[in-house]
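Hi,

Here is the structure I promised to pass on. Have a look at it first, and then read on for my notes.

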Amino acid sequence: DFLTKTIRPEHLIASIRTRVQRFRALRSLMVRDSMTGLFNHTTTNEMFEAELGRAKRHGSVLALAALDIDHFKSVNDTYGHGVGDLVIKSLARLLKQRLRSTDIIGRMGGEEFSAILSGVDGPTAEKIMNDIRQAFSEIQHHTEQGAFSVTMSCGIADFPRFETQVQLSEVADKALYAAKNGGRNRVVLVEARVEHRGTHT
């Protein structure tokens, strides 16, 4: 921007403050999901890469949780997309309440979420996510058609048993599918080690 001399100090400060606020607002739009305020897909993956690198350098553990709201299409079909949005927001709010401020929580698209828990091993992450799963299933969503509840499924993979970002993401997704196929409303922690040939056991 160009400011004409001479400028009074208070005008300069006000001008800078306005531009800083505008920059912060634009940056927030770039890294945050507009509906939930969680990190968006791209930012979550970038932060995941950084956290995994830190875990490798420090020899610490890390867990990746992939979450998905069960039967979400039927919620939209039955109650409308506005109510569906409220359900998504309720899970986002619960995740922010129950997880640490240092944990990375992202909305990966639609009703899919991701949580990166640094310094947390697989069994501990399983317990944490099970507590969240239970709490989410107890939330009552009130509509003109009456109240209803929704459940979520979750798959977990942990480092160092799975060493790369791709492996962790693929294995967590496989665990999520296993939770869905196993009846939904459950958390699955992958126990077996990944095969480097590209198959999973």
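Thr-44 touches Phe-39, Ile-104, Gly-106, Met-108, Ser-114 and Ile-116, if you leave aside its neighbours within four places in sequence. You'll find Thr-44 in helix α2, which covers residues 41-58. Is Thr-44 buried or exposed? Its relative accessible area is 1%, and because the cut-off for buried is under 20%, Thr-44 counts as buried. Do keep in mind that this is a predicted model.

Next, some backbone geometry. As background, most residues other than glycine have a negative phi, and most peptide bonds are trans. With that in mind, here are the spots I'd click on.

Which residues does a cis peptide bond join? The pair is Phe-159 and Pro-160, with omega at about 20°. Pro-160 sits in the loop between β6 (152-159) and α6 (165-181).

Then there are two positive phi values. His-71 is a residue other than glycine, yet its phi is positive, near 50°. To get there, go to the loop between β1 (62-69) and α3 (72-79).

Arg-184 isn't a glycine either, and its phi is positive at about 65°. Look for Arg-184 in the loop between α6 and β7 (187-189).

Cheers

Definitions and conventions:
Residues are numbered from 1 along each chain as its sequence is written. This is a predicted model: local features need pLDDT of at least 70, side-chain atom pairs count only at pLDDT 80 or more; totals for chains, interfaces and linings use all residues. Side-chain values use heavy atoms; hydrogens and water are left out. Helices (H or I, at least four residues) and strands (E, at least two) are DSSP runs, numbered from the N terminus. Buried means under 20% relative accessible area, exposed over 50%, partly exposed in between (1.4 Å probe, protein chains only). Contact means heavy atoms within 4.5 Å.
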